[in-house]
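Thanks for coming. I have one structure to go through today, and I will keep it brief.

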Amino acid sequence: MLLIRCPYCGERPEIEFRNMGEAHILRPGTDASDDEIADFLYRRSNTKGLIAERWRHVHGCSRFFNAVRHTVTDKFVSIYKTGEPKPDLTALAASLNGVARS
Ligand SMILES: [Zn+2]
């Protein structure tokens with residue numbers, strides 16, 4: 001069973017959580033074009049590799065948090081509270097691959 005670490009409750013079984021989709025998607029302003037609204041509602045990066053996602057501990061504290069997960073291995077690389085900045089996914093990927101950063 002996969003264990004996910006809630007930043008508020010600690011490690012819990014994956015069945016207590018729900019993936020809420022890609023994180024850091026900002027709602028466009030009232031003057032947004034149709035294309036910007038379509039981006040907000042429907043278009044996601046669909047990344048193969050690391051992605052920042054929004055998660056909710058639905059059968060626990062019910063709080064939202066963000067996590068960086070590898071979409072191929074399903075491994076959680078980083079977990080952080082909502083409102084904290086998005087980690088540098090390129091740097092995280094490089095550190096996972098053992099590549100030195102410039
Ligand atoms: Zn929790």
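This is a predicted model: local features need pLDDT of at least 70, side-chain atom pairs count only at pLDDT 80 or more; totals for chains, interfaces and linings use all residues.

Residues are numbered from 1 along each chain as its sequence is written.

The chain has 2 helices and 6 strands; these are DSSP runs numbered from the N terminus, helices being H or I with at least four residues and strands E with at least two. In sequence order the pattern reads β-β-β-α-β-β-β-α. The C-alpha trace spans about 45 × 40 × 25 Å along its principal axes.

Of the 102 residues in the chain, 8% are buried. Buried means 20 or more other C-beta atoms within 10 Å of the residue's own, exposed means 12 or fewer, and partly exposed is in between, with C-beta atoms placed from the backbone.

Now the core. The largest nonpolar core consists of Ala52, Trp55, Phe65, Ala67 and Val68. Such a core is a set of buried Ala, Val, Leu, Ile, Met, Phe, Trp, Tyr and Cys residues joined through C-beta atoms within 7 Å. Strand 4 (50–56) and strand 5 (64–70) each supply at least two of its residues, and strand 5 gives the most, with 3.

Last, the loop. Arg27 lies between strand 3 (18–22) and helix 1 (34–42). Why is Arg27 exposed? Because it has 9 other C-beta atoms within 10 Å. From Arg27 to Asp39 the C-alpha to C-alpha distance is 9.6 Å, at 12 residues apart in sequence.
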